[in-house]
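Morning, everyone. Please have the model on your screens while I go through it.

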Amino acid sequence: MTNKPKVAICWLGSCGGCDEAVVDLNEAILQVADAVEIILWPIAMDFKYHNIEAMGDNEITLSIINGHVRNSEQEEMAKLLRKKSQIVLALGSCACFGGTPGLANFRTKEDIFNWVYRDAPTVINPKGNYPQPEVQVGGRELTLPEFYEDVHTLDQVIDVDYYLPGCPPPPELILNAINAVLEEKLPPKGSTLTPHKPLCDTCPRNETKPDRLALKEIKRIHEVDADPNTCFLAQGILCLGPATRTGCGEACININIPCRGCFGPVEGVVDGGTKFISSLASILDAEDEEEVKRVVDTIDDLAGYLYRFSLPASLLRRRRVGEETNLKI
Ligand code: SF4
Ligand code: SF4
């Protein structure tokens, strides 16, 4: 045991990319490991949950939690870390907004189970078994986490102190966040630890973005040979930069891919999708509603495009089918 600040790094519904971003601190991770006592990091080290349960409340200085919440194990872990931690940082788009797994909220749990355990061409399930939270096998009870109706953001389950979005977040911003905790230089609770500007403000192509755009058609990046130096919107290619927070280092733009919105909406905007629809409406060169409809209809899966990372955090939140969530919050 040491007197160093205790740090937990934990994944919930995660692809592992956010943990990989922590590993990508490279040599700096040695300084972090020297300055703090890591007491939980399931992807990298063998710690036991019961050791966390045995800790005192607020004994952990910082819990860095990535991934969304969709099952009872993830909910239980989020609540345990909240109880034991002074500060909780939601790391990555999944924790902050639901992330790409949040697109599953366009489907019901029943749809998903039917596809995964019955209808997908590679499934062989002659007895039609679906996973059950509890099952008796040889006189013994086996349990699985309960799969919830929806994907939830971390702050729909526990109180979150700070947010660091990105899919995944850049390692430099992760290091800044850890240093801010260690040096007690944190902004007000609830802050997002990134610059508070839209991506267009820092984009190297901004100079080529006309003051007034008038698009007759919308293209997607795979349909054209995009000029690597010209604003995507000026080329008629969908780019969510006007409605997305900067801080990513323009990682996608720099490899000639338009912004897909993983940093979420800019400060003060609740719903990035509607914000972008508003921007889109102002740049379409259409005479009447019919013309607007014709252009918008050329965009495949507009809702999926606009809410690729943020459906569970949006005003829409989920497909409306009448059922309520079974999350116990
Ligand atoms: S935010 Fe992106 S990198 Fe991080 S867990 Fe989610 S999908 Fe993976
Ligand atoms: S619309 Fe996209 S490409 Fe154009 S300036 Fe904004 S972020 Fe850059």
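I will take the domains, then the ligand, then the cores.

This is a predicted model, in which local features need pLDDT of at least 70, side-chain atom pairs count only at pLDDT 80 or more, and totals for chains, interfaces and linings use all residues. Residues are numbered from 1 along each chain as its sequence is written, while chains are lettered from A and ligands numbered from 1 in the order in which they are written.

The protein is divided into domain 1 (6–100 + 149–182), domain 2 (109–148) and domain 3 (199–313); the bounds come from an automatic or database domain assignment.

Now ligand 1. Of the 13 residues around ligand 1, C15, G17, G92, C94 and C167 come nearest; a residue counts as near if its C-beta atom, placed from the backbone, lies within 6 Å. Helix 5 gives the most to this shell, with 3 residues; helices here are DSSP runs of H or I, at least four residues, numbered from the N terminus.

Last, the cores. A nonpolar core is a set of buried Ala, Val, Leu, Ile, Met, Phe, Trp, Tyr and Cys residues joined through C-beta atoms within 7 Å, and buried means 20 or more other C-beta atoms within 10 Å of a residue's own, all placed from the backbone. The largest has 46 residues, L154 among those touching the most other members. Domain 1 and domain 3 both give residues to this core, so it lies between them. Apart from it lies another core, of 19 residues, including F232 and L311.

Technical notes. Helix = DSSP H or I, 4+ residues; strand = E, 2+ residues; numbered from the N terminus. Buried ≥ 20, exposed ≤ 12 C-beta atoms within 10 Å, placed from the backbone.
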